[in-house]
Amino acid sequence: MKVLLATEGSEFSNAAIEKCCQMFAESENTEIRIISAFEPMIPPTEPFAVSTEFIHEIDAAARKQASEVVSQAEVEIRKRFPALAAELSTTVAMGSPEQAVVEEAENWGADLIVTGSHGHGFWKRAWLGSVSNAIVHHAPCSVLVVRRDGSIKS
């Protein structure tokens, strides 16, 4: 089974990592790929234009943070479950998180996506949008959305 674990370093993502480890710690033939995505800065237009160097610095910082998030998740999984470590890979994607996760799932052939939920209510989700909701509706495979307390969202 191929499991794509989406993380952005929050406590909600940590709950998803924990649930993924619990579910697959004893399984055989399970590949886990950890993904984190960052959105590039959209250059503002006149009269608020900024230098190209500044935009590159912001993008580099966002890429570095996403890489650190993926590395921390990888270290945690390898430390706690050495049996899972053999089939563990990571990737950092540039773009909107929901689109990057769905595209990676399609390209890699994932059987399951595991992601965290921030647990926003209906109105906040409607106003702000929801990465996990977008993943659920566009994923090419099953999706497990985990709440911060480790419960599964239905």
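Leaving aside neighbours within four places in sequence, Thr-90 is in contact (heavy atoms within 4.5 Å) with Ile-34, Val-70 and Glu-74. The structure is a predicted model, in which local features need pLDDT of at least 70 and side-chain atom pairs count only at pLDDT 80 or more, while totals for chains, interfaces and linings use all residues. Residues are numbered from 1 along each chain as its sequence is written, and side-chain values use heavy atoms, with hydrogens and water left out.

## Overall fold

The protein chain has 6 helices and 5 strands; these are DSSP runs numbered from the N terminus, helices being H or I of at least four residues and strands E of at least two. Along the sequence, their order is β-α-β-α-α-β-α-β-α-α-β. The chain contains 154 residues, of which 40% count as buried. Buried means under 20% relative accessible area, exposed means over 50%, and partly exposed lies in between (1.4 Å probe, protein chains only). Among contacts between residues at least 6 apart in sequence, 78% join residues at least 24 apart.

## Residues that meet across the sequence

Thr-90 belongs to strand β3, residues 88–94. Thr-90 counts as partly exposed because its relative accessible area is 35%. Ser-36 sits in strand β2, and its relative accessibility of 4% is why Ser-36 counts as buried. Glu-11 is part of helix α1; with a relative accessible area of 44%, Glu-11 is partly exposed.

Beyond its neighbours within four places in sequence, Ser-36 is in contact with Thr-7, Glu-8, Ala-66, Val-69, Val-70, Thr-91, Val-92 and Ala-93.

Thr-115 is placed in strand β4. Its relative accessible area is 7%, so Thr-115 is buried. With residues up to four places away in sequence not counted, Thr-115 touches Ala-6, Ala-16, Ser-132, Ile-135, Val-143, Leu-144, Val-145 and Val-146.

## Nonpolar cores

A nonpolar core is a set of buried Ala, Val, Leu, Ile, Met, Phe, Trp, Tyr and Cys residues joined through side-chain atoms within 4.5 Å. The largest such core holds 21 residues, and those that touch the most other members are Val-3, Leu-5, Cys-20, Ile-32, Ile-34, Ile-77 and Val-114. At least two residues of this core come from each of β1 (2–6), α1 (11–24), β2 (31–38), α2 (52–80), β4 (112–116) and β5 (142–146). The element that gives the most is α1, with 6 residues.

Val-3 can be followed in detail. Not counting residues up to four places away in sequence, Val-3 touches Cys-20, Phe-24, Thr-30, Glu-31, Ile-32, Arg-33, Trp-108, Leu-112 and Val-114.

## Cysteines

A search of the whole structure for disulfides, meaning pairs of cysteine sulfur atoms within 2.5 Å, finds 0. Cys-20 is in no disulfide, since the nearest cysteine sulfur, that of Cys-21, is 5.9 Å away. Cys-20 is buried because its relative accessibility is 0%. Cys-141 also counts as buried, at 17% relative accessibility.

## The second largest pocket

Pockets are found on a 1 Å grid over the protein atoms alone: a pocket is an open set of points with protein on both sides within 12 Å along at least five of seven lines, and lining residues have an atom within 4 Å of a point; a cavity, by contrast, is a set of points where a 1.4 Å probe fits but cannot get out. The second largest pocket has a volume of about 150 Å³, a volume being the space filled by probe spheres set on the points, with grid points joined across faces, edges and corners.

The lining of the second largest pocket consists of Thr-7, Gly-9, Asn-14, Ile-17, Glu-18, Val-69, Gln-72, Ala-73, Val-75, Glu-76, Lys-79 and Arg-80. Helices α1 and α2 each supply at least two residues of this lining, and α2 gives the most, with 7 residues. By type, the lining divides into 4 nonpolar, 4 polar and 4 charged residues. Here Ala, Val, Leu, Ile, Met, Phe, Trp, Tyr, Cys and Pro count as nonpolar, Asp, Glu, Lys and Arg as charged, and the others, Gly among them, as polar.
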